[in-house]
Amino acid sequence: MSAAPGPEKRIGVRDFLARKTSGDALTVVAAYDALFARLSDEAGVDAVLVGDSLGMVVGGLDSTVPVTLEQMIYHGAAARRGVTRAMLIVDMPFLTCSLGAERAMINSSAAALAA
């Protein structure tokens with residue numbers, strides 16, 4: 001009897017870059033919650049993107065501009081709970097990275113810690 005296969009290795013930045021550099025196709029799917037992130041991950045996508053488009057897709061807004069950092073953190077954390085293998089990418093909302101390098105690092109660190 002053979003042993004059950006272990007969990008697949010999580011896709012990291014180096015894996016992602018190597019695939020892009022080699023010209024291999026990458027599959028990226030947008031998901032805004034744990035369920036769709038898990039389904040995408042189980043389907044074998046390379047990355048799950050929590051885009052600021054959630055403002056329009058989930059929130060019914062006319063644009064992505066009103067999406068807040070707190071909303072991105074919430075949805076990023078929810079998606080993280082659904083992903084075990086794929087890379088998780090979370091957009092930074094409008095103006096959160098254009099307030100200077102120090103503020104951009106603080107904002108992105110808060111998002112990364114929550115996810």
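Author: The model is a predicted one, and its chain has 5 helices and 3 strands.

Reader: In what order do the elements of the chain run from the N terminus on?

Author: Starting at the N terminus, the order is α-β-α-β-α-α-β-α.

Reader: How much of the chain do buried residues make up?

Author: Of the 115 residues in the chain, 30% are buried. As for contacts with a separation of 6 or more, 57% of them are between residues 24 or more positions apart.

Reader: What about the largest nonpolar core: which residues have the most contacts inside it?

Author: That core has 13 residues, and Ala 37, Val 48 and Val 50 have the most contacts inside it. Two elements, strand 2 (47-50) and helix 4 (69-82), each give two or more residues to this core. In soluble globular proteins, nonpolar side chains tend to be buried together.

Reader: Let me follow up on Ala 37. What is it in contact with, leaving aside its neighbours within four places in sequence?

Author: Ala 37 is then in contact with Ala 31, Val 48, Ala 79, Gly 82 and Val 83.

Reader: And which residues are buried in helix 2?

Author: Helix 2 covers residues 34-42, and its buried residues are Ala 37, Ser 40 and Asp 41. They line one face of the helix, because they fall within an arc of 100° when seen down its axis. An α-helix has 3.6 residues a turn, so residues three or four places apart point the same way.

Reader: What do the buried residues of helix 2 pack against?

Author: They pack against strand 1 (28-30), strand 2 and helix 4.

Reader: What is found at the start of helix 2, and what follows that helix?

Author: At the start, a side-chain oxygen of Asp 33 comes to within 3.3 Å of the backbone nitrogen of Leu 35. After helix 2 comes Gly 44, which has a positive phi, near 95°.

Reader: Now helix 4. How far apart are its end C-alpha atoms?

Author: They are 20 Å apart, which agrees with the 20 Å that its 14 residues should span at 1.5 Å a residue. The buried residues of helix 4 are Leu 69, Met 72, His 75, Gly 76, Ala 77, Ala 78, Ala 79 and Gly 82.

Reader: Changing topic, how many salt bridges are there?

Author: The count comes to 4 salt bridges. Side chains of opposite charge can pair when their charged atoms come close. One of the salt bridges joins Asp 46 and Arg 19, at 2.8 Å from N to O. This pair links distant parts of the chain, 27 residues apart: Asp 46 lies in the loop between helix 2 and strand 2, and Arg 19 lies in helix 1 (residues 13-22).

Reader: Is Asp 46 buried or exposed?

Author: Asp 46 is buried, with a relative accessible area of 7%, whereas Arg 19 is partly exposed at 28%. Arg 19, Asp 24 and Asp 46 are linked in a network of salt bridges.

Reader: Which residue does Arg 38 meet in a salt bridge?

Author: Arg 38 meets Glu 42, at 3.3 Å from N to O. The two are 4 residues apart in helix 2, so about one helical turn separates them. Arg 38 is partly exposed, at 36% relative accessible area, and Glu 42 is exposed, at 56%.

Reader: And what does Lys 9 form a salt bridge with?

Author: Its partner is Asp 15, and the closest N and O atoms are 2.8 Å apart. Lys 9 is exposed, with a relative accessible area of 61%, while Asp 15 counts as partly exposed at 29%.

Technical notes
Residues numbered from 1 in each chain as written. Predicted model: local features only at pLDDT ≥ 70, side-chain atom pairs only at ≥ 80, totals over all residues. Heavy atoms only, no water. Core = buried A, V, L, I, M, F, W, Y, C linked by side-chain atoms within 4.5 Å. Buried < 20%, exposed > 50% of the residue type's maximum accessible area, 1.4 Å probe, protein only. Contact = heavy atoms within 4.5 Å. Arc of directions from axis to C-beta. Polar contact = N/O pair within 3.5 Å; in protein donor to acceptor, adjacent residues only side chain to side chain. Salt bridge = Lys/Arg side-chain N within 4 Å of Asp/Glu carboxyl O. Expected span 1.5 Å × (residues − 1).
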